[in-house]
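Dear colleague,

Please find the structure below, with its sequence. A short account of the findings follows it.

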Amino acid sequence: MAANGKSLRGQVFDKIRSDILKGRYQKGDELVECTIGKEMGVSRTPVREAIRQLELEGLVQLIPNKGAFVTGISASDVRDIYLIRSRLEGLAARMAAEHISSEQLAEMEETIVLSDYHVKKEHFEQVCEMDGKFHKLLYAASGSRILEHTLTDFHQYVQRVRMASITNRIRMHKSNSEHEKILEAIRNKDGDQAEKVAAEHISNTVENLKQYDLDRILQEK
């Protein structure tokens, strides 16, 4: 595996977790150390260590004398994550209104402009990419490493569901408009308003998700 500044275990962990969250591995699938090691070109040791870390995250269950089996993310987990995100993203927006740099502000503005272009063209993949970038920038702008790390993980956990939501034609127009309101409040250094509209943004996403069969989405590969 190519070096990217992370330990080998960290790289293996990221790859397996990504495969679980993207649906390559489904709930109940066994993670076989030697097979994964061969696929990634690594020994069994970093695979074993990564699997133990995934167990701590609740994505994998280790059963004695049987093996490691995928637990994954359930529809109930998704609902909980969005409920927590509605509170934490509001906090991140409030903190961003206090700590954002001019460079970060410019990046967020550029992201919204690009997103608006892709929304009009209905470039669904790019819209999802820009949505992810906006939230990533928001988390970083909060100035809190802990908050950024927590929200980034939550964002990754729901990526398949997020893709279904953000590529809904009606929702993607509204979502970008909501991003503009969040950025306006941050630009004005209005922490109260930033927190309010950021929390509402996630709540609106939850409402949009009610039309989808989350279990079906989470089972798709």
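Read along the sequence, the elements of this predicted model follow the order α-β-α-α-β-β-α-α-α-α-α-α-α-α. In total, the protein has 11 helices and three strands. Its radius of gyration is 19 Å, close to the 17 Å that the globule rule gives for 221 residues, so the protein is as compact as a globular protein of that length. Along the principal axes, the C-alpha atoms fill a box of roughly 55 × 40 × 30 Å.

Of the 221 residues, 45% are buried. Among contacts with a separation of 6 or more, 73% join residues 24 or more positions apart. The protein exposes about 11,800 Å², and carbon and sulfur atoms supply 49% of that area. As for charge, there are 33 positive and 35 negative side chains; the centres of these two sets lie 4 Å apart.

Ser-144 is found in the loop between helix 6 (124–141) and helix 7 (145–157). Is Ser-144 buried or exposed? Its relative accessibility is 18%, and buried means under 20%, so Ser-144 counts as buried. The side chain of Ser-144 reaches the backbone nitrogen of Leu-147 at 3.1 Å. Leaving aside neighbours within four places in sequence, Ser-144 is in contact with Met-95 and Tyr-139.

Yours sincerely

Conventions. Residues are numbered from 1 along each chain as its sequence is written. This is a predicted model: local features need pLDDT of at least 70, side-chain atom pairs count only at pLDDT 80 or more; totals for chains, interfaces and linings use all residues. Side-chain values use heavy atoms; hydrogens and water are left out. Helices (H or I, at least four residues) and strands (E, at least two) are DSSP runs, numbered from the N terminus. The radius of gyration is taken over C-alpha atoms; the globule rule is 2.2 Å times the number of residues to the power 0.38. Buried means under 20% relative accessible area, exposed over 50%, partly exposed in between (1.4 Å probe, protein chains only). Contact means heavy atoms within 4.5 Å. Accessible areas come from the Shrake-Rupley method with a 1.4 Å probe; for residues, only the protein chains shown count as cover. Lys and Arg count as positive and Asp and Glu as negative; His and the chain ends are not counted. The place of a charge is taken as NZ of Lys, CZ of Arg, CG of Asp or CD of Glu. A polar contact is a pair of N or O atoms within 3.5 Å; within protein, one must be able to donate a hydrogen and the other to accept it, and residues adjacent in sequence count only if both atoms are side-chain atoms.
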